[in-house]
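Keep the model in view while reading.

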Amino acid sequence: KENILEVKNLKTYYPIKGGFFRRTVGHVKAVDDISFNIKKGETFGLVGESGCGKSTAGRTLLRLLKPTDGEIIFDGENITNLVGNKLRKKRQDFQMVFQDPYASLNPMQNVGEIVAEPIRNYHKGKSKKEIEEEVRNLLNRVGLPQDAYDKYAHEFSGGQRQRIGIARALALNPKFIIADEPVSALDVSVQSQVLNLLMDLQDDFDLTYLFIAHDLSVVKHMSDRIGVMYLGNLVELADNESIYNEPLHPYTQALISAIPHPDPKMKKERIVLEGDVPSPSNPPSGCPFHTRCPMAKEECSEIRPTLKEVKTGHHVACILYDEDVN
Ligand code: SF4
Ligand code: MG
């Protein structure tokens with residue numbers, strides 16, 4: 001299958017200002033050189049603990065943030081440095097569904113206006129009636145009642161608010177949607193409803209998803225392939241099955257070991273990581289995981305492993321699997 005997105009050596013650093021003159025005294029290396037592709041029609045899960053850079057990566061890919069370095073190719077076009085009208089035009093094709101649907105919905109607009117706004121902005125020629133019809137169809141499609149149209153976001157439950165956010169994201173008929181922790185603010189009972197809705201919509205609207213989550217069990221439910229991030233780095237990338245059944249990176253192994261297994265007899269011993277995640281403003285030398293890695297060797301503090309394909313489709317950044325090092 002064709003790629004819809006190609007990410008090459010992407011870096012997003014935030015400057016740290018300090019001192020009397022507010023000079024740049026350092027950088028938070030939120031995303032520190034990641035490369036991967038997303039295929040048309042697939043769901044790519046991006047997982048990692050909070051602060052690992054997954055949200056920053058998502059925002060950079062949609063060009064809500066400016067990358068520090070690297071390349072983003074979307075649907076065959078290099079969008080790394082797009083600005084102004086060209087970027088605005090491209091924005092129709094990629095949308096974001098946010099974690100907190102309430103904060104991202106304007107409390108002064110009714111639901112009809114919230115969902116209509118992107119259509120009005122991008123399709124100036126459409127009549128009021130046309131737009132209303134489109135919006136009503138969208139609300140229906142995401143499972144909201146017809147009377148939702150005239151109500152305000154605060155009148156809805158969290159799950160329904162997320163449906164409003166999804167309807168709005170779909171309004172311009174995008175090709176690619178980044179969902180950043182779209183269910184982590186919702187009750188567990190509602191989570192699977194929203195996830196199922198997203199999966200249904202994927203088929204109907206021909207969507208490609210980048211699904212960002214800290215919770216591996218949520219990503220498992222959704223993803224074709226999964227990328228695992230640690231401290232701004234992509235440490236493992238493989239299809240869903242391989243990540244769960246034969247994780248290679250010691251960090252992924254620890255994450256997987258923390259998921260409760262439905263069959264207690266099958267449960268492997270939990271790997272508990274020592275220490276805290278180091279600061280992305282001062283990441284460790286060598287392998288970013290070496291300060292916490294149960295398998296670390298002496299050279300791990302010197303050699304920075306790169307993501308390499310060690311089996312078909314299974315990539316890992318760890319010297320244990322790197323024949324050039326061993
Ligand atoms: Fe652990 Fe070394 Fe592999 Fe890093 S390179 S994950 S420290 S074994
Ligand atoms: Mg986040």
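The text below goes from the annotated region to the sheets, then to single residues and the ligand.

This is a predicted model, in which local features need pLDDT of at least 70 and side-chain atom pairs count only at pLDDT 80 or more, while totals for chains, interfaces and linings use all residues. Residues are numbered from 1 along each chain as its sequence is written, and chains are lettered from A and ligands numbered from 1 in the order in which they are written.

**Annotated region**

UniProt, in an unreviewed entry, lists residues 5-256 as "domain: ABC transporter". UniProt positions follow the numbering used here, feature names are shortened, and annotations may be inferred rather than shown by experiment. Over residues 5-256 the chain is 37% helix and 29% strand. The end C-alpha atoms of that stretch are 27 Å apart. Helices (H or I, at least four residues) and strands (E, at least two) are DSSP runs, numbered from the N terminus.

**The eight-stranded sheet**

Strands of a sheet pair through backbone hydrogen bonds, either parallel or antiparallel. Here two strands pair if DSSP finds at least two bridges between them. Eight strands make an open sheet with mixed pairing, in the order β6-β7-β8-β3-β9-β10-β12-β11. Its edge strands are β6 (94-97) and β11 (308-311), each of which pairs on one side only. From one strand to the next, the twist averages 20 degrees.

Helix α5 (residues 158-170) lies across β6 and β7 (176-180). The helix runs at about 175 degrees to β6. Axes are lines fitted to C-alpha atoms, for helices over the stretch in contact, and angles run from 0 to 180 degrees between N-to-C directions.

Is β9 enclosed or open? Six of the six residues of β9 are buried, so the strand is largely enclosed by the rest of the structure. A residue is buried if 20 or more other C-beta atoms lie within 10 Å of its own, exposed if 12 or fewer, and partly exposed in between, with C-beta atoms placed from the backbone. Arg225, Gly227 and Met229 point one way from β9, and Ile226, Val228 and Tyr230 point the other way.

Strand β3 (residues 43-47) runs parallel to β9, and four bridges join them. Gly45 stands opposite Ile226 in β9. Strand β9 (residues 225-230) pairs with β10 (residues 233-239) in the antiparallel sense over six bridges. Val228 stands opposite Glu236 in β10, and Ile226 has Ala238 as its bridge partner there. β9 and β10 form a hairpin with two residues between them. In the turn, Leu231 has a positive phi of about 50 degrees.

Helix α9 (residues 250-257) has the buried residues Pro250, Tyr251, Thr252, Leu255 and Ile256. They pack against α7 (216-222), β9, β10 and α8 (240-245). Contact means that the C-beta atoms of two residues, placed from the backbone, lie within 7 Å.

**The four-stranded sheet**

Four strands form an open antiparallel sheet in the order β2-β1-β4-β5. β2 and β5 (77-78) stand at the edges with a single partner strand each, so one side of each is left without a neighbour in the sheet. β4 and β5 pair over two bridges. Ile73 has Asn78 in β5 as its bridge partner.

| Residue | Loop between | C-beta atoms within 10 Å |
|---|---|---|
| Asn173 | α5 and β7 | 13, partly exposed |

Leaving aside neighbours within four places in sequence, Leu62 is in contact with Phe94, Met96 and Ile178. Arg22 is not a glycine, yet its phi is positive, near 50 degrees. Asn173 is not a glycine either, and its phi is positive at about 55 degrees.

**Around ligand 1**

Which residues come nearest to ligand 1? Of the 14 residues around the ligand, Cys287, His290, Cys293, Cys300 and Cys318 come nearest. A residue is near a molecule if its C-beta atom, placed from the backbone, lies within 6 Å of it. By class, the shell has eleven nonpolar, two polar and one charged residues. Ala, Val, Leu, Ile, Met, Phe, Trp, Tyr, Cys and Pro count as nonpolar, Asp, Glu, Lys and Arg as charged, and the others, Gly among them, as polar.
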